[in-house]
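Please keep the sequence and the model in view while reading.

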Amino acid sequence: DFSRVLAGPFATMLLADLGADVLKIESLQGDDTRQWGPPWLGAGDDRQSAYFLSVNRNKRSLALNLKAPEGQAIARQLAAESHLLIENFKPGGMDGFGLGYASLQADNPALVYASLTGYGQTGPYADRPGYDFVIQGQSGLMSITGPEEGEPYKLGVAISDVIAGLFAAVSMLGALRHAEASGQGQHLDISLFDTSIAALV
């Protein structure tokens with residue numbers, strides 16, 4: 001799990017809850033949400049973010065410097081031994097570390113590789129970061145939330161992230177079933193924008 005903040009960690013939280021052995025790869029500074037609060041669990045040096053804990057339960061964690069050859073080598077070795085991989089860098093971000101799908105799939109043809117972004121791997125908005133607040137507005141979700149005659153309202157929860165995480169987990173399980181049957185993995189392209197529109201039914 002190379003993802004951070006919410007959508008990707010929510011997906012792997014679900015997989016971990018179902019029994020997957022999830023190894024969360026963090027930067028040397030750790031996932032940003034480790035510093036988000038309140039609420040907090042504990043105090044002083046033992047204080048931990050409830051936000052971080054809520055979506056990273058049942059996971060192991062490893063800090064790697066993906067900018068260093070040593071960190072990249074460890075990541076490649078882990079990917080070669082894994083069934084699933086998820087990342088939420090901007091398109092091409094993992095390629096910059098030598099950890100893109102094409103590179104890792106050569107060593108592990110059955111690898112299911114999920115890329116979770118704001119707007120997908122291609123298209124005019126592909127290079128834009130995906131923020132839940134913006135996606136709620138662009139998808140139309142905010143236009144149907146709040147008073148009928150009033151301004152659009154943002155949901156109190158980062159719902160676009162949660163929806164994308166749900167789609168990612170289901171897609172990864174489907175692709176895993178295919179890989180088990182065929183020996184062939186897949187590169188899954190999952191975006192907050194697409195999944196938020198889909199959730200509007």
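Helices and strands are here DSSP runs, with helices (H or I) of at least four residues and strands (E) of at least two, numbered from the N terminus. On this basis the protein chain, which is a predicted model, has seven helices and seven strands. Along the sequence these elements follow the pattern α-β-β-β-α-β-α-β-α-β-α-α-β-α.

The overall dimensions come next. Taken along the principal axes, the C-alpha atoms of the protein chain fill a box of roughly 55 × 45 × 30 Å. The radius of gyration is 17 Å, which agrees with the value near 17 Å that a compact globule of 201 residues would have. Among contacts between residues at least 6 apart in sequence, 67% join residues at least 24 apart. Of the 201 residues, 40% count as buried, and the accessible surface comes to about 10700 Å², of which 56% belongs to carbon and sulfur atoms.

In soluble globular proteins, nonpolar side chains tend to be buried together. Which residues touch the most other members of the largest nonpolar core? Within this core of 18 residues, they are I86, A114, L116, M172, L188, I190 and L192. Two or more residues of this core are given by each of α1 (7-17), β6 (112-117), α6 (159-182) and β7 (186-191). The largest share, six residues, comes from α6.

A second, separate core has 15 residues, including L64, L66, Y101 and L104.

The buried residues of α1 are A7, G8, P9, F10, A11, T12, M13, L15 and A16. After α1 comes G19, whose phi is positive, near 115°.

Y131, F133 and V134 make a nonpolar surface patch of about 320 Å². F133 lies in helix α5, which covers residues 132-139. Is F133 buried, partly exposed or exposed? Buried means under 20% relative accessible area and exposed means over 50%, with partly exposed in between. F133 counts as partly exposed because its relative accessibility is 49%.

Notes: Residues are numbered from 1 along each chain as its sequence is written. This is a predicted model: local features need pLDDT of at least 70, side-chain atom pairs count only at pLDDT 80 or more; totals for chains, interfaces and linings use all residues. Side-chain values use heavy atoms; hydrogens and water are left out. Patches are made of residues with over 30% relative accessible area and no salt bridge: like charges are joined within 9 Å, nonpolar side chains (Val, Leu, Ile, Met, Phe, Trp, Tyr) within 5 Å. Accessible areas come from the Shrake-Rupley method with a 1.4 Å probe; for residues, only the protein chains shown count as cover. A salt bridge is a side-chain nitrogen of Lys or Arg within 4 Å of a carboxyl oxygen of Asp or Glu. Buried means under 20% relative accessible area, exposed over 50%, partly exposed in between (1.4 Å probe, protein chains only). The radius of gyration is taken over C-alpha atoms; the globule rule is 2.2 Å times the number of residues to the power 0.38. Contact means heavy atoms within 4.5 Å. A nonpolar core is a set of buried Ala, Val, Leu, Ile, Met, Phe, Trp, Tyr and Cys residues joined through side-chain atoms within 4.5 Å.
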